[in-house]
Amino acid sequence: MQKMKTTTAQFTYPWQLCKTVHLVRHGQAMHNVEGDINREALLSPHLFDAQLSPLGLHQVGKLRNDVHASGLLKRIELVVTSPLYRTMQTAFGVFGSTESNEDAGVNHPQIMAVELCRDRMGVRPCDMRRRVSECQALFPSIDFSMMDGEDDSLWNPNVRESEEEMAARMVLFIKWLWTRPEQEIVIVSHGIILQQILNVLENDCHPTARTALCKRFDNCELRSVVIVDKSLKVADSQLCSPRNAAKETVLREEVSV
């Protein structure tokens, strides 16, 4: 986790209308290793749900240490992860609870698998009922209640999801994110998905932060933003009264690393 730099805009917003979102790309996985040698390997059915490589596991361990040392873990209220193996390994490895002494007395956030932030759709079909069952056995502490256990309706084996369709899916995902009560959330997903999330948000991004914020993600990179729900007026928010709204404001920040 790199040192974060912040640029502060000239506006203030009630803190109840803001969320701090930490975007994390999964650690290096075996499909990344094979893809560096031959790009065609990325389409291999054997690498569809690739596990982390030895380097990826090391990256996850380093980010976990950084998150603990910085105090960030204490602030996180929810971790949302793509339901692919490499992202769940990363989410649990960085933010999950283990039986080690370092976790004694530490409150770990809920980890939830969500279909909307999965990798690019349409690569190949998946037996979702069997897969959810397998993942629940491997990651018993991850919440799979948001997953469709009947079939994998979001995947079409014959059509690869377009850039426009991914962007539309991220709009839906961000709308879902605003329904959550938590105000500090981690999203563990895939590089192309995280970039699509930032592309959706970039129109509201300070120009000086836009280039650094929307660049390609490295494996196991953490990048943070503060987002604001401008669709609600202060007095309309169910989370604060008009009397308190005038008192409780926060500086709007675009945060990059």
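**Notes on the aromatic rings and model confidence**

1. Rings of Phe, Tyr and Trp (its six-membered ring) pair if their centres lie within 6.5 Å; planes under 30 degrees apart count as stacked, over 60 as edge-to-face and the rest as tilted.

2. Before going on, please note that this is a predicted model, where local features need pLDDT of at least 70 and side-chain atom pairs count only at pLDDT 80 or more, while totals for chains, interfaces and linings use all residues. Residues are numbered from 1 along each chain as its sequence is written, and side-chain values use heavy atoms, with hydrogens and water left out.

3. Searching the whole structure gives three aromatic pairs. One of them joins Phe173 and Trp176, stacked at 5.9 Å centre to centre with 20° between the planes. These two residues are about one helical turn apart because they sit three residues from each other in helix α6 (residues 163–179). Phe173 is buried, at a relative accessible area of 0%, and Trp176 is buried too, at 14% (buried means under 20% relative accessible area, with a 1.4 Å probe and protein chains only).

4. Now for confidence: pLDDT (the predictor's confidence in each residue, from 0 to 100) averages 77 over the protein chain, and 68% of the residues score at least 70. Residues 2–10 fall below 50, and this stretch has 22 contacts (heavy atoms within 4.5 Å) beyond near neighbours in sequence. Residues 234–257 also stay under 50, with 63 contacts beyond four places in sequence. Where pLDDT is low, the predicted coordinates should not be read in detail.

Methods:
Helix = DSSP H or I, 4+ residues; strand = E, 2+ residues; numbered from the N terminus. Buried < 20%, exposed > 50% of the residue type's maximum accessible area, 1.4 Å probe, protein only.
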